[in-house]
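Welcome, and open your viewer. We will go from stop to stop, selecting a few residues each time and looking at what is there.

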Amino acid sequence: MLRVLFVGDVYGQPGRKLLSQHLPGLRPEFDFIIVNGENAAGGFGLHREAAAAILAAGAGCITLGNHAWHHKDVFALMLDEAQFPIVRPLNYADPGTPGVGWRSFDVRTAAGGSERLTVVNVLGRVFMEAVANPFQAMDELLTRDDLGTVFVDMHAEATSEKAALAWHLDGRVAAVIGTHTHVPTADTRILPGGTAFQTDVGFTGPHRSVIGADPEGPVQKFLTERPWRFTVAGGPAELNAVRLELEGNRARSAERYRYVEEG
């Protein structure tokens, strides 16, 4: 059995700070920790400083999303596979796309054994960029027989697309957990075939914000209907995650986890 923690989109310096303070205390409870670093660098993308902080906090793998290419640092990070285990979205049609869309890890378990865990990141298409079909990309990947337990980070806007992918993969992967909207959903469950699913894990970043941004920017954009500069909010932060117990490609348990700083 694998005990896995998946932490939602780290947003800016407040998210990185809380992760660095809180995750080390959780680390002994889990065999492996996956963190979405999609917004870790100033709210958009990932750079070297953010990646290093996430890994130092205890993450074994960093997943991304639609802001994967926002910082040029990420190209060099993806080439340094040993030091920076990063998984960008799988479903880019261009075979020359830097990085990889999945990674397998041989994980030491609490029982003293070793289990193979494959982490996959896919990007949704509804209200998002034009990318290849995530359903077909997953079907193709799952023809392999060396993946072991499969965890999928589905980075997408539409709740229906996330749920449809989970049902499509039910019984073939251990978990499909959504990211991107930064708002945790109350639908954590295990589907009939054994796949754990939650529409969105939520984010790790400023609690008093509009999905991470200082409220002034989003409010003015909606109020004036004009572009407005967004800045990372300050104040206390929150951490949202999902605790999973996985056995092969079946989930034994799935539970939401949330921590909010005082202040």
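Helices (H or I, at least four residues) and strands (E, at least two) are DSSP runs, numbered from the N terminus. You are looking at a predicted model, in which local features need pLDDT of at least 70 and side-chain atom pairs count only at pLDDT 80 or more, while totals for chains, interfaces and linings use all residues. Residues are numbered from 1 along each chain as its sequence is written, and side-chain values use heavy atoms, with hydrogens and water left out.

**Stop 1: the whole chain**

Show the protein chain as a cartoon and you will find six helices and 13 strands. Its C-alpha trace spans about 50 × 40 × 35 Å along the principal axes. Buried residues (under 20% relative accessible area; exposed is over 50%, partly exposed in between, with a 1.4 Å probe and protein chains only) make up 53% of the 263 residues.

**Stop 2**

Select His 47, in the loop between S2 and H2. Is His 47 buried or exposed? With a relative accessible area of 16%, His 47 is buried. Leaving out residues up to four places away in sequence, its contacts (heavy atoms within 4.5 Å) are Arg 16, Ala 41, His 71, Asp 73 and Leu 77.

**Stop 3: the nonpolar cores**

A nonpolar core is a set of buried Ala, Val, Leu, Ile, Met, Phe, Trp, Tyr and Cys residues joined through side-chain atoms within 4.5 Å. In the largest one, with 30 residues, select Val 7, Leu 19, Leu 23, Val 35 and Leu 46, which touch the most other members. Among the elements that give two or more residues to this core are strand S1 (2–7), helix H1 (12–26) and strand S12 (237–247). H2 provides the largest share, five residues. Apart from this core lies another, of 21 residues, including Phe 32, Ile 34, Phe 105 and Val 107.

Now centre on Val 7. Beyond its neighbours within four places in sequence, Val 7 is in contact with residues including Leu 19, Ile 33, Thr 204 and Leu 239.

**Stop 4: the largest pocket**

On a 1 Å grid over the protein atoms alone, a pocket is an open set of points with protein on both sides within 12 Å along at least five of seven lines, and lining residues have an atom within 4 Å of a point. The largest pocket holds about 400 Å³ of space. Select Phe 44, His 67, His 182, Ile 211 and Phe 230, the closest to its centre of the 20 residues that line it. Helix H6 (residues 216–224) gives the largest share of the lining, three residues.

Stay with His 182, in the loop between strand S8 (175–179) and strand S9 (189–190). His 182 is buried, at 7% relative accessible area, and has a positive phi of about 70 degrees although it is not a glycine.

**Stop 5: two loops**

Next, select Phe 127, in the loop between strand S6 (114–123) and helix H4 (134–141). Phe 127 has a relative accessible area of 71%, so it is exposed. Its phi is positive, about 60 degrees, although Phe 127 is not a glycine.

Finish at Glu 81, in the loop between H3 and strand S4 (86–87). Its relative accessibility is 43%, so Glu 81 counts as partly exposed. Draw a distance from its C-alpha atom to that of Glu 129, 48 residues apart along the chain: the separation is 26 Å.

Conventions. On a 1 Å grid over the protein atoms alone, a cavity is a set of points where a 1.4 Å probe fits but cannot get out, and a pocket is an open set with protein on both sides within 12 Å along at least five of seven lines; lining residues have an atom within 4 Å of a point. Grid points are joined across faces, edges and corners, and a volume is the space filled by probe spheres set on the points.
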